[in-house]
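Colleague: Before we use any terms for this model, I would like each one set against its cut-off. Can we go through them in turn?

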Amino acid sequence: MPSLDAALASQSESDAFLATHSITLKPTPYRLLLSLASLPINPSFAPYLASYTSPTPIQAASWPRLFAGDDVIGIAETGSGKTLTFGLPGLQLLTTLPKSIPAAKGKGKGNTNPIQLLVLAPTRELALQTYDTVSALGKHVGIDAVCLFGGMSRDEQVRQVRQKDVRVVVGTPGRILDLANSGDVDFSK
């Protein structure tokens, strides 16, 4: 796995890419990640990424900061690759963390395995689309995900979250708050 610094394009290549795609970076421009082959990721993700030829503009601009552990706010049109932009670094981080941590004592009926990545989506449709991408990517590294939203059985969704290998939850704010407030799912870890 290449280091992040070794994977970044030169500043002149990065500046040219930013100009070509009319991208504004704040606070200042930095070197971009312009090649999928140079991504600093677990090699098990390679089969999923095989159908892609190069990062999209939002990916090229966001991945350097996300893989470095920084917070990023990215604005891009529908279909621009935002789910993979944020999902790949999140799942990469999970591949470096222990699969479980000891459950907190006295937490009641909540899940015993920690949810290590929580993705909120404003609608059921976006939650399902995000879940499909994150779930397919996670399968390559043994990370399971569930999708939580209203209009479905709470009990079934709680059962899904409590499955042994679930580490990622994608959901809508209403259902996430409902399950957190009832104590059925513990998102505090």
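Predicted model: local features only at pLDDT ≥ 70, side-chain atom pairs only at ≥ 80, totals over all residues.

Colleague: What makes a set of points a pocket, and what counts as lining?

Modeller: On a 1 Å grid over the protein atoms alone, a pocket is an open set with protein on both sides within 12 Å along at least five of seven lines; a set where a 1.4 Å probe fits but cannot get out is a cavity, and lining residues have an atom within 4 Å of a point. Points are joined across faces, edges and corners, and the volume is the space filled by probe spheres set on them.

Colleague: What is the volume of the largest pocket, and which element supplies the largest share of its lining?

Modeller: The largest pocket holds about 1,100 Å³. It is lined by 40 residues, with Lys82, Thr83, Thr85, Phe86 and Gly87 closest to its centre. The largest share, 11 residues, comes from α5. Helices here are DSSP runs (H or I, at least four residues) and strands are runs of E (at least two), numbered from the N terminus.

Colleague: Why does Ser14 count as buried?

Modeller: Buried means under 20% relative accessible area (exposed is over 50%, partly exposed in between; 1.4 Å probe, protein chains only). Ser14 has 0% relative accessibility, so it counts as buried. It lies in helix α2, residues 11–20. Beyond its neighbours within four places in sequence, Ser14 is in contact with Ala9, Tyr30, Arg31 and Leu32, where contact means heavy atoms within 4.5 Å.

Colleague: Why is α4 described as largely enclosed by the rest of the structure?

Modeller: Of its 11 residues, 9 are buried, so the description holds. Trp63, Pro64 and Phe67 are among the buried ones, and the cover includes α1 (4–7), α2 and α5.

Colleague: Which residues have the most contacts inside the largest nonpolar core?

Modeller: Leu39, Phe45, Leu49, Trp63, Leu88, Leu91 and Val168 do, in a core of 27 residues. α5 gives the most to this core, with 4 residues. A nonpolar core is a set of buried Ala, Val, Leu, Ile, Met, Phe, Trp, Tyr and Cys residues joined through side-chain atoms within 4.5 Å.

Colleague: Why does the radius of gyration agree with a compact globule?

Modeller: The rule is 2.2 Å times the number of residues to the power 0.38, with the radius taken over C-alpha atoms. For 189 residues a compact globule would come near 16 Å; the protein has 18 Å, which agrees.

Notes: Residues numbered from 1 in each chain as written. Heavy atoms only, no water.
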